[in-house]
Amino acid sequence: MYFIWYIIIGIVAGFIAGKIMRGGGFGLFINMIVGIIGGVLGGWVFGLLGIATAGILGSLITSTIGAILLLWIISLFSKPRVS
C-alpha cells in the first residue's frame, strides 16, 4: 500500500515542481515521472543532510524538493530552444 502512496505523492510533487520551475518544466507526463524519481532523490539528499521527515506532508515536501532538483539538473543538459 505504501508503494501506491509513493507514486501518488511523486505525481503531485512532479506537478508542483513543474509549476515552480521557470518554464513550467517539461510537460505534465514527464513532470510526473520526474516527481516519482525526485521522491527517491529527495529522500537520498535529505538522508545525506541528516534531515528526517514524517507523514504525508513531509513526504510531499521531500519529493517536491527532489523533483525540483532533478528538473534543474535535466534543464542543465537539455538544449536551449531557439525559435
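**Thr53 and the helix H2 region**

Thr53 lies in the loop that joins helix H2 (28-49) to helix H3 (55-77). Helices here are DSSP runs (H or I, at least four residues), numbered from the N terminus. The model is predicted: local features need pLDDT of at least 70, side-chain atom pairs count only at pLDDT 80 or more, and totals for chains, interfaces and linings use all residues. Residues are numbered from 1 along each chain as its sequence is written, and side-chain values use heavy atoms, with hydrogens and water left out.

Thr53 counts as partly exposed because its relative accessibility is 41%. Buried means under 20% relative accessible area, exposed over 50%, and partly exposed in between (1.4 Å probe, protein chains only). Not counting residues up to four places away in sequence, Thr53 touches Phe46, Gly58, Ser59 and Thr62. Contact means heavy atoms within 4.5 Å. The C-alpha atoms of Thr53 and Gly43 are separated by 8.9 Å.

H2 has a kink of about 30°, centred on Ile37. The bend at a residue is the angle between axes fitted to the seven residues ending there and the seven starting there. Buried residues of H2 include Val34, Leu41 and Phe46.

The largest nonpolar core comprises seven residues: Ala17, Met21, Val34, Leu41, Ala67, Leu70 and Leu71. H3 supplies the largest share of this core, three residues. Such a core is a set of buried Ala, Val, Leu, Ile, Met, Phe, Trp, Tyr and Cys residues joined through side-chain atoms within 4.5 Å. Leaving aside neighbours within four places in sequence, Met21 contacts Ile68, Leu71 and Trp72.

Conventions:
Helix = DSSP H or I, 4+ residues; strand = E, 2+ residues; numbered from the N terminus.
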